[in-house]
Every structure is written in C-alpha cells, then in structure tokens.
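Reader: I'm new to reading protein models. Could you walk me through this one?

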Amino acid sequence: MTDPASPTTTPRPDLPEAPDAPATAPPPATAQAPTAAPTGRRPFAAAWRALVALAALTGVALDTIESDDLGRLFGYFTVQSNLLLAIACAWSAHRAWTGRPALSPRITGGALLYISITGLVFHFVLSNDSSGFAMTSERTPLESVANHLLHTVTPLAAALDWLVLTAPGGFLLRHAGQWLAYPFLYLPFALIRGALLDPGTEGRYPYPFLDVDLHGYAGILGNAVVFGLAFYTLALVLVLLDRVRPHPHRSRNRISPPGSGPLK
C-alpha cells in the first residue's frame, strides 16, 4: 500500500506591504510674538543724571584733594552715599541714553534714601548747634564747595529726578526694610574701625553720635535705635509719597514706565 498523498498547500500570495503612512505635514510656522517695543531714548533724563553723577564725583574729588587721611574720608557715610548715588545715576544715564529698561526701584530707591539721609542729617543734626551732635569747623574754599555739593546739591538733584523724571508707583513696602541693610551695616563698620584706631586719633569715629569715647556703647546703641527708627520712617514716607504723588507730565523725553522707580 502506498501512503496517501500529502495534502498540498496552496501558496498564498504575499500580502501587500502596508503603504507608508503619509508624512505628517509640518505645522505651519507660527508667527513669533513681537518683541516688546524699546523703551525709547530719554536724552534729557540721561543728561540730568549724568550731571548728578558728576556733581557727586566732583564733591568727593575735592574732598580727596584737601584730605590728608583718605581712610578717614572714605569712612564717612556722606562720601559713601554720594559714591553710590554716582554709580546709580551713571548707570541710569546710560540706560536712558540707549533706551534700555530702567534700573530696579530697589536699587534707585535705596540710592535716593541714602542721599536723603546724608542731606537731612547734615542740615538738621550736624549743622545744628542745638542738636547736641554738631560738627562745625573751619573749611577751605575747596572744602566748602565739596560740602555744598555732597550735602545739598546731590540730595536735591536726586529728589528732583525722582519727582519730575519718573512715573510713580515703583516703590514697594518691602523695599523700606530692605533699604535699611546698608545703614545698619554702617554702624558696626564705624565702631570696629574706631576700636582699631588709637584713642585720641582725629576722626576716630566719623560722627559725634557714634563716638564711643563720648557716649559709651550703651549711648551709641540708644542713638542707633533713634536714628534707625527715623531712617525707617523716612523710607516709609518715600514709599507713601511715591504712591500718591501725581504723574509727571509727559514730554518729548519719555518718562520711565510705571513701577520703574527713580533715577532710571
């Protein structure tokens, strides 16, 4: 007997390959969001701030010429605050001239507060014989010019810049406390520097209300509390005035946008 024939398998034609999925058309290019329009050059503001910076640097330079102790000179809050103002004004002048965004109000408001402290303390405390902390001495002509530049011209010029060339609303309540970091750090700086100098050294302590030889450390602490509260009050007043003062009139020299603070 022979084996039955094995069933033959009918070959199936190969299945056609699945056609490639049509390439997904790339999404239409979306138009890029237009960049913010440049702030615009503010030549008058730039020129004013350059002059303020020049006044501060000129005052410091004149004091440097007349000083025989640069370490003592640059230990004064007056000189330091004017240098800070000069930096802020020069930086702001460059931004105004090139149409770049304004500086942060935290920076410019701090510079304004410090130079305001310089002017107010000088005129109401250091030049006031009834304050108990007066500093009166003979000055050379150069020292007199420097004195007016550093204590009167620059504070008034910075205040005018804030009131006339900037829009209101840039200062925040939290800025008032942050600005006090520098004045509070100045206290240990002045005390440590004085402690390192020999007793009787001229200018051992920069201001009478910081003179440990006269008031002792307890008296200095009391003075620091009083002045600290006064400085914080001044900072709060600046914040409040910045919120309620009228908007300056717009002119061909564009003012800074709202919220940009002074010295932009």
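Predicted model: local features only at pLDDT ≥ 70, side-chain atom pairs only at ≥ 80, totals over all residues.

Reader: How is α1 directed relative to α5, roughly parallel or roughly antiparallel?

Author: The two helices pack at an angle of about 160 degrees. Angles over 145 degrees count as roughly antiparallel. That is why α1 is, relative to α5, roughly antiparallel.

Reader: How many residues of the contact of α1 with α5 are nonpolar?

Author: The contact residues fall into three groups. Five are charged and three are polar, while the nonpolar ones number 18.

Reader: Where does α8 bend?

Author: Start with the length: α8 runs over residues 212-244, and a straight helix of 33 residues would span 48 Å. Between its end C-alpha atoms, however, α8 spans only 41 Å. There is a bend of about 75 degrees in α8, and its place is Ala218.

Reader: How many residues of α4 are buried?

Author: Helix α4, residues 105-126, reaches 29 Å, close to the 32 Å expected. This helix is mostly covered. Out of its 22 residues, the buried ones number 17.

Reader: What share of the protein chain's residues counts as buried?

Author: The protein chain has eight helices and zero strands. Buried here means under 20% relative accessible area. Of the chain's 264 residues, the share that counts as buried is 41%.

Methods:
Residues numbered from 1 in each chain as written. Heavy atoms only, no water. Axes fitted to C-alpha atoms, helices over the stretch in contact; angles between N-to-C directions. Helix = DSSP H or I, 4+ residues; strand = E, 2+ residues; numbered from the N terminus. Parallel < 35°, antiparallel > 145°, perpendicular 65-115°, else oblique. Nonpolar A, V, L, I, M, F, W, Y, C, P; charged D, E, K, R; others polar. Expected span 1.5 Å × (residues − 1). Bend = angle between axes of the 7 residues up to and from the residue. Buried < 20%, exposed > 50% of the residue type's maximum accessible area, 1.4 Å probe, protein only.
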